[in-house]
Amino acid sequence: MEDPAHVDVNTKAKGDNDPLDAVEIGAGVAARGEVKQVKILGVIAMIDEGETDWKIVCIDRNDPMAGELNDIGDVEKKMPGYLEATRDWFRIYKFPTGKPMNDFAFDGVWKDKAFADNIIKETNGHWKKLVSDKGVSDDVATKNTSVQSSHSLITVDEATQVLNKVPASSTGPAVEPSTQNQCFVKRTI
């Protein structure tokens, strides 16, 4: 949880009041809401309208390249240009809607797995505080079945009732096979 009341020592900006974002770089396309076991490879610190918005880069443990990627440096070696293109996309993706381009702490440099692990640990502490302390952020739903000290602890039966009220998602259109291929772009300008 990127805590909006906490100024991050690395970025000098408050959190954006969201969970961490994961950028899974494997060859497969995940279904919406799919849960995957991943390997953490690194992180980039995006500054979105003045707020810290960490982007954790990871790979599905079952991906064919997972054995070759263990840290952020491996990504650049095995997938040249991929991290640069990803950072560029995060910089500009809101611009067409009239919002400013995003900025990055550390001059846009991707940080390694050890740094990412520390960010995950720190923001997990913010999440634990959120679900344990009533009033920390009343605008975030904190119902859960596992944090015993939580003010929003509910039973599994209650959680099932909540989920059963949500309409089933459709499978959507078939995935076009050509979208399953990756290409790596090396800039020349």
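**Exercise 1.** Find which residues Ser152 is in contact with, leaving aside its neighbours within four places in sequence.

*Solution.* Step 1: contact means heavy atoms within 4.5 Å. Step 2: with the neighbours within four places in sequence set aside, Ser152 is in contact with Thr142, Lys143 and Asn144. Step 3: place Ser152 in the chain; it is found in the loop between helix 3 (113-132) and helix 4 (156-164). Helices (H or I, at least four residues) and strands (E, at least two) are DSSP runs, numbered from the N terminus. Step 4: Ser152 counts as buried because its relative accessibility is 12%. Buried means under 20% relative accessible area, exposed over 50%, and partly exposed in between (1.4 Å probe, protein chains only).

Before you go on, note that this is a predicted model, in which local features need pLDDT of at least 70 and side-chain atom pairs count only at pLDDT 80 or more, while totals for chains, interfaces and linings use all residues. Residues are numbered from 1 along each chain as its sequence is written, and side-chain values use heavy atoms, with hydrogens and water left out.

**Exercise 2.** Work out which strands pair with strand 3, and in which sense.

*Solution.* Step 1: two strands pair if DSSP finds at least two bridges between them. Step 2: strand 1 and strand 3 run parallel, joined by 4 bridges; here Glu24 has Cys58 in strand 3 as its bridge partner. Step 3: strand 2 and strand 3 pair in the antiparallel sense over 10 bridges, and Gly42 has Val57 in strand 3 as its bridge partner. Step 4: look at the hairpin of strand 2 and strand 3, with 2 residues between the strands, where Glu49 takes a positive phi near 50°. Step 5: strand 3 is largely enclosed by the rest of the structure, because 9 of its 10 residues are buried.

**Exercise 3.** Find which members of the largest nonpolar core touch the most other members.

*Solution.* Step 1: a nonpolar core is a set of buried Ala, Val, Leu, Ile, Met, Phe, Trp, Tyr and Cys residues joined through side-chain atoms within 4.5 Å. Step 2: the largest has 17 residues, and Ile25, Leu41, Leu69 and Val75 touch the most other members. Step 3: strand 2 (38-48), strand 3 (51-60), helix 1 (72-78) and helix 2 (82-92) each supply at least two residues of this core. Step 4: apart from this core lies another, of 10 residues, among them Ile40, Ala45, Trp54 and Ile56.

**Exercise 4.** Classify the ring pair of Trp54 and Phe115.

*Solution.* Step 1: rings of Phe, Tyr and Trp (its six-membered ring) pair if their centres lie within 6.5 Å; planes under 30 degrees apart count as stacked, over 60 as edge-to-face and the rest as tilted. Step 2: the structure holds 5 aromatic pairs. In the one asked about, the centres of Trp54 and Phe115 are 6.0 Å apart and the planes are at 55°, so the pair is tilted. Step 3: Trp54 lies in strand 3 and Phe115 in helix 3, so the pair ties together parts that are 61 residues apart in sequence. Step 4: both Trp54 and Phe115 are buried. Step 5: compare Phe90 and Tyr93, whose ring centres are 6.0 Å apart with planes at 85°, so this pair is edge-to-face. Phe90 is buried, with a relative accessible area of 9%, whereas Tyr93 is partly exposed at 28%.
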